Amino acid sequence: MRIAIIGGGLAGLTAAAYLSDHSDTSGTVFERSPQLGGRAFTYEKSGFTLNYGAHAVYGIDRHTLHSMEEELHLKFQSKQVDKRKVVYAKHGHLTPAPLDFVNIMKTDVLTAREKVRFVAEIAAVIGNIHHLKQHRTLGDYLNHSHASAEVKELWEHLVCSNFFITPEEARKVSGEVIAEYYHNLFLSGRPVSYILGSWATITDQLIDKIGDNEAWDIAVKEPVESITMEDGKFVLNTKTRQQLVYDQVIFAMPVQQVTKLLEDTPWASTMEPYKNNTSTEVLVYDVGFSKVVARPFHYISDMDHKIFISDVSATDYTVAPVHGQLLQGIAYLNDDFTDEEQKKQYLELKTQQMEALFDKYYPDWREFVEVKRVSKKAMVASVKNIHTNKLLPNRLAGVPFFFCGDGCEGKGELAERAFSSGRAVAQSILEQAQTKALTI
Ligand SMILES: Cc1cc2nc3c(=O)[nH]c(=O)nc-3n(C[C@H](O)[C@H](O)[C@H](O)COP(=O)(O)OP(=O)(O)OC[C@H]3O[C@@H](n4cnc5c(N)ncnc54)[C@H](O)[C@@H]3O)c2cc1C
């Protein structure tokens, strides 16, 4: 069975690693960029390891990576972010983020009475009996809830940080999605960890695995430009080659790009419900210092401006030179602008707020900057998981392809959905092949 995988990001590489583990498969991973990894692309600069997308893993002990570690024999180490060094800033005052029972008791974002209420809410989520899952959205739940304004703000803020969206958008996330997400996360003994060495630690091993099967190859700088079906086989044309024939095709790229590729094909109309999906975008401010400028905490979330700064090197010491420090600032963004000028001004304001936060907690940081990368429009999730959007299923009725990526149905959010959907499509292709072989 010959398989084409279009897209060499986390989802495509995961699917290829599972499939190439079987000797009776062959195939190609097509990637349009010169490098693999997609939004998890990692690069070195002046001794710092920078990711295009961050490499925080939420609930690693219950994460798809845990299954991949066993099934694909991946080897990686992770380190948990120190929960006692995770703080919220509200009206200029710092207080522990209520990540676990100890922090909940210490935090000032809730009063003693509200703490009892919030612990009861967590217990209900863990026990799978929280009312949230019966509500269409978090907003609907909060409108009905008798909780205090502080508890409501905390719910919004949690969803902002895990889904990388603004409070207004957090209110649009489905109650069921949130209940399931936090059921998993609250049961985890390791809420936030970093993979030591960034995403490259994982992607390099997936690439090596694919390379172990000689019947597989990876074609970079080779975008797939068109696809047709002839005599039950798929025929692909790329920028450099024509008439490449495959038995199966996996799309492992953002749904917006799938829609474009399938334009003017018989399958275009089936993509209609997914065409207007919106993505999650953030402003990212990576900065590497020649020395540790300050280390008062490892993660600070500014509740007033919806900005956070992670001291990535405080947890993953491999990403900075021995005496250096790597910070990553992220601002959640609104996307309701009347024109480009308004958007430009908004992004400028967010950049200034970010720099003001650096000034406050990392005084004189500008003097020690070794590397800096500011991206005003980074796509975190190709489909924002709000109730008005629709994640793409791994298979669609009447469409002969498979779909995976962070905009597809799968377990978890962000990178976990890329991994879990990549794994799921590979497993269903292998199961299908096995069933076919048994019936012949
Ligand atoms: C700033 C930022 C912070 C993030 N933080 C985290 C985090 O802390 N934790 C977490 O879990 N996730 C995080 N993410 C999200 C995570 O990076 C993504 O969910 C994940 O990388 C998506 O992988 P993917 O394979 O689905 O898609 P992609 O990475 O987009 O891969 C798709 C690939 O397809 C290729 N392609 C497109 N069209 C074609 C074509 N026609 N032919 C060939 N190739 C094509 C593209 O070049 C791309 O390489 C973050 C992302 C960003 C941007």
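This is a predicted model: local features need pLDDT of at least 70, side-chain atom pairs count only at pLDDT 80 or more; totals for chains, interfaces and linings use all residues.
Start with the total. The structure holds 24 aromatic pairs. Take one of them, phenylalanine 118 with tryptophan 155. Their ring centres are 6.2 Å apart. Their planes meet at 70°, so this pair is edge-to-face. The cut-off is simple: planes over 60 degrees apart count as edge-to-face.

Where in the chain do these two residues sit? Phenylalanine 118 belongs to helix α4, residues 112-126. Tryptophan 155 belongs to helix α6, residues 149-163.

Now move along to phenylalanine 337 and tyrosine 346. Their rings also form an aromatic pair, with 5.1 Å from centre to centre. Here the planes are 55° apart, and the pair is tilted. Are these two residues buried or partly exposed? Phenylalanine 337 has 22% relative accessibility, so it counts as partly exposed. Tyrosine 346 has 16%, so it counts as buried. The line between the two classes is drawn at 20%.

Rings can also gather in groups. One aromatic cluster is formed by Tyr285, Phe289, Phe297, Phe358, Tyr361, Tyr362 and Trp365.

Which residue lies over the face of phenylalanine 368? That is lysine 291, at 4.6 Å from the ring centre. Phenylalanine 402 has arginine 395 over its face. In that case the distance to the ring centre is 3.9 Å.

Note on methods
Residues are numbered from 1 along each chain as its sequence is written. Side-chain values use heavy atoms; hydrogens and water are left out. Rings of Phe, Tyr and Trp (its six-membered ring) pair if their centres lie within 6.5 Å; planes under 30 degrees apart count as stacked, over 60 as edge-to-face and the rest as tilted. Helices (H or I, at least four residues) and strands (E, at least two) are DSSP runs, numbered from the N terminus. Buried means under 20% relative accessible area, exposed over 50%, partly exposed in between (1.4 Å probe, protein chains only). A charge sits over a ring if NZ of Lys or CZ of Arg is within 6 Å of the ring centre and within 35 degrees of the ring normal.
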